[in-house]
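Here are a few notes to read alongside the model.

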Amino acid sequence: PPYAPVSSAANFTQHTAKGFGWPDQVALADTIRLRAQCGCSVMASSASIPEIHALYRKFWIQPVRRAINSDASKRTGVIVTTYPAIDAQHPSL
């Protein structure tokens, strides 16, 4: 999915004619939860921002570096999975 914007200036969400805003991020998280309940393994990526961490708090969150930003200090993201990953952060189950 498109990464959630990390700031008001970094708000590129026009991957489709209708865009991909916060309600779409929430709908995606809901779909991932439903698929996980059915036993599916799902992986998604996004920006490493507090809202994304909160949205996916019940899943495994793996920090990653990404080469998409010209400012190296902002090249962080997360991989969210419905299954354990090496070095992932997860609340106790």
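1. Ground rules. This is a predicted model, in which local features need pLDDT of at least 70 and side-chain atom pairs count only at pLDDT 80 or more, while totals for chains, interfaces and linings use all residues. Residues are numbered from 1 along each chain as its sequence is written, and side-chain values use heavy atoms, with hydrogens and water left out.

2. Overall make-up. The protein has 2 helices and 3 strands, arranged along the sequence as α-β-α-β-β. Both kinds of element are DSSP runs numbered from the N terminus: H or I over at least four residues for helices, E over at least two for strands. Of the 93 residues, 27% are buried (under 20% relative accessible area, with exposed over 50% and partly exposed in between; 1.4 Å probe, protein chains only).

3. Surface and contacts. Among contacts (heavy atoms within 4.5 Å) with a separation of 6 or more, 60% join residues 24 or more positions apart.

4. The 3 strands make an open, antiparallel sheet in the order 1-3-2; strands pair if DSSP finds at least two bridges between them. Strand 1 (43-47) and strand 2 (60-65) each have a single partner strand, so these edge strands are left without a neighbour on one side. Neighbouring strands are turned by 30° against each other on average, direction ignored (axes are lines fitted to C-alpha atoms, and angles run from 0 to 180 degrees between N-to-C directions). Strand 1 pairs with strand 3 (residues 76-81) over 5 bridges, and Ser-45 sits opposite Ile-79 of strand 3.

5. The core. Which members of the largest nonpolar core touch the most others? They are Ile-32, Ile-52, Tyr-56 and Val-80, out of 14 residues. Such a core is a set of buried Ala, Val, Leu, Ile, Met, Phe, Trp, Tyr and Cys residues joined through side-chain atoms within 4.5 Å. Helix 1 (22-37), strand 1, helix 2 (50-55) and strand 3 each supply at least two of its residues.

6. Tyr-56. Leaving out residues up to four places away in sequence, Tyr-56 touches Gln-25, Leu-28, Ala-29, Ile-32, Ile-61 and Val-80. The whole structure holds 1 aromatic pair. The Tyr-56 and Phe-59 rings have centres 6.5 Å apart and planes at 50°, so the pair is tilted (centres within 6.5 Å; under 30 degrees is stacked, over 60 edge-to-face, the rest tilted). Both Tyr-56 and Phe-59 are buried.

Technical notes
Rings of Phe, Tyr and Trp (its six-membered ring) pair if their centres lie within 6.5 Å; planes under 30 degrees apart count as stacked, over 60 as edge-to-face and the rest as tilted.
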